Amino acid sequence: MAKEQKPAEATHSTGDSHAVYPTHYDVKIHTLRPEGPCKATASVNINGCFAVRGVKVMESSKGLFVSMPSYKTGNGEYKDICFPCTKDARMEFEDAVLAAYQQALTQTISQPQQSAPDPTAQQTQKMDM
């Protein structure tokens, strides 16, 4: 099971006053891929009101990282379609996705070897940040 984490606080301004709300990430791991640099695909629902599809868990020489949905520009560059705006928000998002990925791996490994795991089965990790 993923580690417990304290809720993150996001500030939303409404006029002169600022309200602080905890950020809740509901991460669904859709596919696990043992081969190649893309280790998993996922979708993330943020506070039950904003969904991000096409999130990938990638592996590089520096380790695992989270890749946001992106498109390829005319000059060959990739641009993220959506992304966290602050370093703290990015860290919270990545922590939630990587924790769900680790939990999905653990559940896949701990399943009895009699039946092969369904690669399309969804693993869900709910995490309050």
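Predicted model: local features only at pLDDT ≥ 70, side-chain atom pairs only at ≥ 80, totals over all residues.

R90 and E94 are four residues apart in helix α1, and so about one helical turn separates them; helices here are DSSP runs of H or I with at least four residues, strands are runs of E with at least two, and both are numbered from the N terminus. The two residues form a salt bridge, with 3.6 Å between the closest N and O atoms. By salt bridge I mean a side-chain nitrogen of Lys or Arg within 4 Å of a carboxyl oxygen of Asp or Glu. R90 is partly exposed at 27% relative accessible area, and E94 is likewise partly exposed, at 23%. Buried stands for under 20% relative accessible area, exposed for over 50%, and partly exposed for what lies in between, with a 1.4 Å probe and protein chains only.

Residues are numbered from 1 along each chain as its sequence is written, and side-chain values use heavy atoms, without hydrogens and water.

The structure holds two salt bridges. In the other, K39 pairs with E59, the closest N and O atoms being 3.4 Å apart. K39 belongs to strand β3 and E59 to strand β4, so this pair ties together parts that lie 20 residues apart in sequence. K39 counts as buried, at 11% relative accessibility, whereas E59 is partly exposed at 41%.

A40 stands opposite V57 in β4. Three residues separate β3 from β4 in a hairpin, and N47 in the turn has a positive phi of about 55 degrees. β4 then pairs with β5 (residues 63–67), again antiparallel, over five bridges, and a hairpin of two residues joins them.

What of the core? The largest nonpolar core has 19 residues, and Y25, V27, I29, V44, V55, F93 and V97 touch the most other members. Such a core is a set of buried Ala, Val, Leu, Ile, Met, Phe, Trp, Tyr and Cys residues joined through side-chain atoms within 4.5 Å. Helix α1 (87–110) and strands β2 (17–32), β3 and β4 each supply at least two residues, with the largest share, six, coming from α1. Beyond its neighbours within four places in sequence, V97 is in contact (heavy atoms within 4.5 Å) with V27, I29, V44, V55, V57 and V66.

Key. Pairing = 2+ DSSP bridges.
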